[in-house]
Amino acid sequence: MNITEIFETMDYGPAPESPTPALAWIKERQPFGLFINGQWVKPASGQYLDSVNPSTGKPLTQVAAANSEDVNAAVTAARTAFETWGKTPGHVRARYMYAIARHIQKHSRLLAVLESLDNGKPIRETRDIDIPLVARHFYYHAGWAQLMASELPGYEPVGVVGQIIPWNFPLLMLAWKIAPALAMGNTVVLKPARYTPLTALKFAEIVQEIGLPPGVVNILTGEASQVGEALVRHPDVNKIAFTGSTDVGRSLRRATAGSGKKLSLELGGKSPFIVFDDADLDSVVEGVVDAIWFNQGQVCCAGSRLLVQEDVAERLIAKLRARMEKLRIGDPLDKAVDIGAIVSSAQLKEIQRLVEQGVDEGAEMWQPSWACPTEGYFFPPTLFTNVSPATTIAQVEIFGPVLVSMTFRTPAEAVALANNTRYGLAASVWSENINLALDVAPKLKAGTVWVNCTNLFDASSGFGGYRESGFGREGGKEGLYEYVRPAWETALRATARVAPTIHEWDVQPSMVGARLAPALGPAPGKDEDTHDHAGVSDFSNGSRIALPAIDRTPKMFINGKQVRPDSGYSRDVYDPAGRVIGQVGEGNRKDVRNAVEAAHAASGWASSTTHNRAQILYYIAENLSVREGEFARRIVQQTGRSQADAITEVQAAISRLFSYAAWADKFEGVVHRPPLRGVVLAMKEAIGVIGMVCPDEYPLLGFVSLAAPAIAMGNTVVVVPSQQSPLSATDCYQVLETSDLPDGVVNIVTGDRDMLSQVLADHDDVEAMWYFGSAEGCKRVELASASNMKRTWVNYGHPRNWLDPIQGEGEEFLRESTQVKNIWVPYGD
Ligand code: NDP
């Protein structure tokens, strides 16, 4: 071909990257062993597994097949190493991590080629995206290791962390897991995906090269059923961090329920790519290429649903088809290739199956005219039009280069379509009208929103899902909390106490903060309010007869109204001497459903101003303080505690309401400056409807400590008060009714704690569950929450001291009440 011809066709020439150094590296080491305690060891089973090159379908090498014996050895090594590493000063850990980052850069080309050989992704991506992001992740987290003592005071590492990663970004997912874990002083046992072990093994070599203490990082290759499951079940593993499919994530939630292991799950997605009619369509086309054909579409946050405003749909689809015709598919080591190979024949078959199903369901499929290579696992870029939103291809994660497109007319319809899946990982919004884009972004149920861009990642900006895309964040400061625990909690767990009585805690006025002058009301039975006491009246005829008390049996509090329990039953409330002191409604499934419905209907609370929410919390505090004496007497009556203790609890509850009124307009997001021309707005958003089950230990303070932060952050709640002493919460009905709180923001259902919490945890419209009760109850809640991958916050049967401001209030509560959404806004033309 001469220059004139090239000028005419604008064809690329071949630009091959040599595999020779990577193949030589493999040859010298194969078969690969396991990396345990800083050493390469043979697998206990003596078995090895093939690792295949997806672009040829031929074996590349063999890696060890670990089993539970190897898992035990690795966890033991990690535990031993933790004893020292967990106490190693942050500066020392930072130096090791800095060295890891440097060595990744030193070996960057080898790592990039190995990744392309093993996974099938184009070298252009591994070289320019995966590996630089890996290095950046270690640099960024070296910084957090350095700053941990000053920036996360009162927090400790979790311990030994089991990490399970997928095959789509093998080394990047390793970095997302290992960097924050090490920075916070944990040790790890990591299992790479079965299909893509090689860069993790090269990483193990780097760990050796830099002299990281043995046992801090252990890498076990092998199969999910042998390594993954053993790691998840291992009693000496304190946390599991997982990225992969939602189905496996759900099984891990169930497997770890009640164990006390921390869990973070980064799962699947079906992310919308929303194009408004004023968008720059040529940029949109390039955006779509990055959204769905990057990494062959095997990206959890791939923009796999193209939602286009109706009036530009035809034009955009025509442009897109023209661009697809020019995409180049082939040898991943050719630098001019856009699309490489699918990771495995199984994944290829799954893509083919779903595409056939799309055609069967009536959607219109379009593929470019050129043919894919016949050797290896290739699938052409594919576009579906005429797709109905309820069909399989519009709902299921295909995890391949397959785009489905739908149209909308108005921004409201775009938001509704975008949110119409069970997932919530990411979204992209394209419009030249930044006001429109920034109006739409907060309405999308997604952990990341890209405005006029897509698939951008940076260590400074946390990544993770809403809804069934999982919970927990990776990256950013928020990601660090996945790898630490409050120090007081570790001490509490160590003592393994189950039911301390209130007097075991030193109730000191200082714990309430600036204690108010004791506005003690009259002694019980002697105050101005005689509603709940039998009184004596003088009648005009001179006779004196005893008046019966006016019955005050509390109902449920649903949608701002006091409603009778659906069951028509009541339950007795006893004092410590076993005397009946009142009755509350026996809540059932239907009451919970009504309460959840009311809480959903009140979702506008999340968009009320933070000032407004603060005002209402102050007002609740004000109204509670007016009845301080009455609330204290109720505590005395239910718990038998002293009047002084009870007053302290009421005052702590009032102080706590003030705290969250104060926080309502101060627990704000941040603006990140990742390495790009633009900003990332990290917004703290409400989670939605939170089901909360209150502790028995402090009937009023426990209730206030949970409900106040949640509503301060814009959530609506369904509360099950203390089963033993529910009257402190039910006495709040009138306080709430007179405090301008919109209907449905707080709903209270009394009754059997375990039954009600099960219904709440099973409910698909409850987005998070908090449970402070028995260890068995916590397990049940965690198990049931797997149904829609609710976020859970439970105490595993270890009561905290609610009076202590460190345990009973503060940022931990606010973090549990929010999820971070990162909105990427590039600027410049
Ligand atoms: P999986 O979720 O099965 O695998 C992810 C990781 O978990 C792998 O290391 C796997 O090991 C391990 N694993 C699997 N089952 C268990 C288990 N029971 N206990 C512990 N560890 C386990 O994803 P697949 O690789 O099977 O891909 C299937 C689908 O998942 C894809 O088509 C895609 O839809 C989705 N997916 C989503 C990803 C994301 O980033 N959100 C990433 C990868 C896949 P092993 O490799 O040995 O099986």
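Is Arg29 buried, partly exposed or exposed? Arg29 is partly exposed, with a relative accessible area of 28%, where buried means under 20%, exposed over 50% and partly exposed in between (1.4 Å probe, protein chains only). The structure is a predicted model, in which local features need pLDDT of at least 70 and side-chain atom pairs count only at pLDDT 80 or more, while totals for chains, interfaces and linings use all residues. Residues are numbered from 1 along each chain as its sequence is written, and side-chain values use heavy atoms, with hydrogens and water left out.

A search of the whole structure finds 40 salt bridges, a salt bridge being a side-chain nitrogen of Lys or Arg within 4 Å of a carboxyl oxygen of Asp or Glu. One of them joins the side chains of Glu205 and Arg29, at 2.2 Å from N to O. Glu205 lies in helix H8 (residues 198–209) and Arg29 in helix H2, so the pair ties together parts that are 176 residues apart in sequence. Helices (H or I, at least four residues) and strands (E, at least two) are DSSP runs, numbered from the N terminus. Glu205 is buried, with a relative accessible area of 14%.

Asp566 and Lys590 form a salt bridge, with their closest N and O atoms 3.7 Å apart. This pair links distant parts of the chain, 24 residues apart: Asp566 is in the loop between strand E23 (561–563) and strand E24 (570–574), and Lys590 is in helix H19 (residues 589–601). Asp566 is partly exposed at 39% relative accessible area, and Lys590 is partly exposed at 41%.

A salt bridge of 2.7 Å, N to O, is also present between the side chains of Lys666 and Asp665. Asp665 has a relative accessibility of 28% and counts as partly exposed. Through shared partners, salt bridges join Glu28, Arg29, Lys202, Glu205 and Glu209 into one network.

Backbone geometry was examined at several loop positions. The peptide bond from Gln30 to Pro31 is cis, with omega near -5 degrees; Pro31 is placed in the loop between helix H2 (20–29) and strand E1 (34–36). Asn295, a residue other than glycine, has a positive phi near 55 degrees and counts as buried at 0% relative accessibility. Asn455 is not a glycine either, yet its phi is positive, at about 50 degrees. Asn455 lies in the loop between strand E17 (448–451) and strand E18 (470–471) and counts as buried at 9% relative accessibility.
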